[in-house]
Amino acid sequence: MSLQSPDAPPIHEVVVPPVGSSVHRVYNSAVVAYALSAAVELGLLDALRQGDPVDLGRFADDHSLRRGVVQAIADALAAAHIVRLEGTRAARGHDFEAADLARPFFQWLVAGNGRLLSNLADFARGLDLPVLAGEDPWGRNIRAVVAASRDGARLYFDRTFQEALEGVDFSRVADLGCGSGGRLISLVRERPGISGIGVDIAGPAVALAEVDAEKEGVADRVSFVQDDVTRLRPRADFERVDLLTAFLMGHDFWPRDDAVRTLRMLRQAFPNARDFILCDECRLPDVTSLDETIFTMGFMLVHAAMDKYIPTAEEWLDVFAESGWRCVKVVRSGLPQSNLAFRLQPADQRF
């Protein structure tokens, strides 16, 4: 029996407090964020990028996925006009390109930091998250964080890095917080006479970097070390380094006194470094709108949960001066706007 038929029972509406449409949008946007991150992880976004409509049932079967979940992911993406549904097939919607370009931000936020964000209340109370041995203490999925960071670097951050690197002459580079090694591998691949060393505290990232270096045919010119960048000691293979780079990990140097100590320590650990390109997110004075630059709000929230302080550009410049580095160039990234690259040189370096 249809509810619209004459014999249907009467419908009684329950009066509830109204919820504004903007709140509906916030909730549903969160659902879409989860769906978009899953589409990245499952390869659905890659399949849609090829151009032809994707048969969702066949895609699920080919990848040993549950059809109902794949369909629900597509339904959520369709609500945001990322895909367009054509029966059981999904085609690219008019917002597909923008979503595809933003994919590393969603993967980083949801797949990489979803567990951390779901425990924000406990972090605010100062409680530690129960973790197993070898797990990230904040519950992050390091594999997803590394993958998203690598994709984001390729699409966005490397452009800022290349602009900051313009005019720098070097023969051996040390990439601090190298992650999966993509930036270092690209540098030595593009410059036949260059060698390098990557340093990262995360074992999975170092392992991935070594595999990728082998695949790219540069394993004879790059090496990787698992170590804490803020606690480095001088090593023989550091002495030939004339360029330091650090991308999206400089905030780990802070609070301020620790940042001064770390930057001074790097001068000693790499005594022949002539240039240092440090690129990181900087705290913006006001981020009060949902339409502000992408990534910044999530970055600030995640790092607040980890009790990591994100400095402003002015605070960085003050610390550089105190720790013996001179800032000779600043490059502002177009996206996100909070991303800056500083080119530093030892303050006592002669020209």
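This is a predicted model: local features need pLDDT of at least 70, side-chain atom pairs count only at pLDDT 80 or more; totals for chains, interfaces and linings use all residues.

**A walk through the model**

Let me begin with R233, which sits in the loop between β6 and β7, where strands, like helices, are DSSP runs numbered from the N terminus, a helix being H or I over at least four residues and a strand being E over at least two. Residues are numbered from 1 along each chain as its sequence is written, and side-chain values use heavy atoms, with hydrogens and water left out.

Is R233 buried or exposed? R233 is exposed, with a relative accessible area of 66%; here buried means under 20% relative accessible area, exposed means over 50%, and partly exposed is in between, using a 1.4 Å probe and protein chains only. If residues up to four places away in sequence are not counted, R233 touches F238 and A269, contact meaning heavy atoms within 4.5 Å. From R233 to T160 there are 73 residues in sequence and 29 Å in space, C-alpha to C-alpha.

Now to the sheet. Seven strands make up an open sheet with mixed pairing, and their order is β6-β5-β4-β7-β8-β10-β9; two strands pair if DSSP finds at least two bridges between them. The edges are taken by β6 (222-226) and β9 (325-332), and each has a single partner strand, so one side of each is left without a neighbour in the sheet. Neighbouring strands of this sheet are turned against each other by 20° on average, direction ignored, with axes being lines fitted to C-alpha atoms, for helices over the stretch in contact, and angles running from 0 to 180 degrees between N-to-C directions.

Within the sheet, β4 (residues 172-176) and β5 (residues 195-200) run parallel and are joined by five bridges, and V173 has G196 as its bridge partner in β5. Helix α11 (residues 203-215) packs on the sheet, where it touches β5 and β6, and its direction makes about 170° with that of β6. Helix α14 (residues 313-322), for its part, lies across β8 (275-281), β9 and β10 (339-346), and runs at about 10° to β10.

V222, leaving aside its neighbours within four places in sequence, is in contact with L184, V188, G196 and A213.

Finally, the charged pairs. The structure holds 24 salt bridges, a salt bridge being a side-chain nitrogen of Lys or Arg within 4 Å of a carboxyl oxygen of Asp or Glu. In one of them the side chains of E322 and R256 meet at 2.7 Å, N to O. E322 lies in helix α14 and R256 in helix α12 (residues 256-269), so this pair ties together parts that are 66 residues apart in sequence. E322 is partly exposed at 39% relative accessible area, and R256 also counts as partly exposed, at 27%.

A network of salt bridges links D46, R49, D100, R103, D151 and R154. Of these, D100 has its place in helix α5 (residues 96-101) and is buried, with a relative accessible area of 8%. D100 touches L45 and R49 when residues up to four places away in sequence are not counted.
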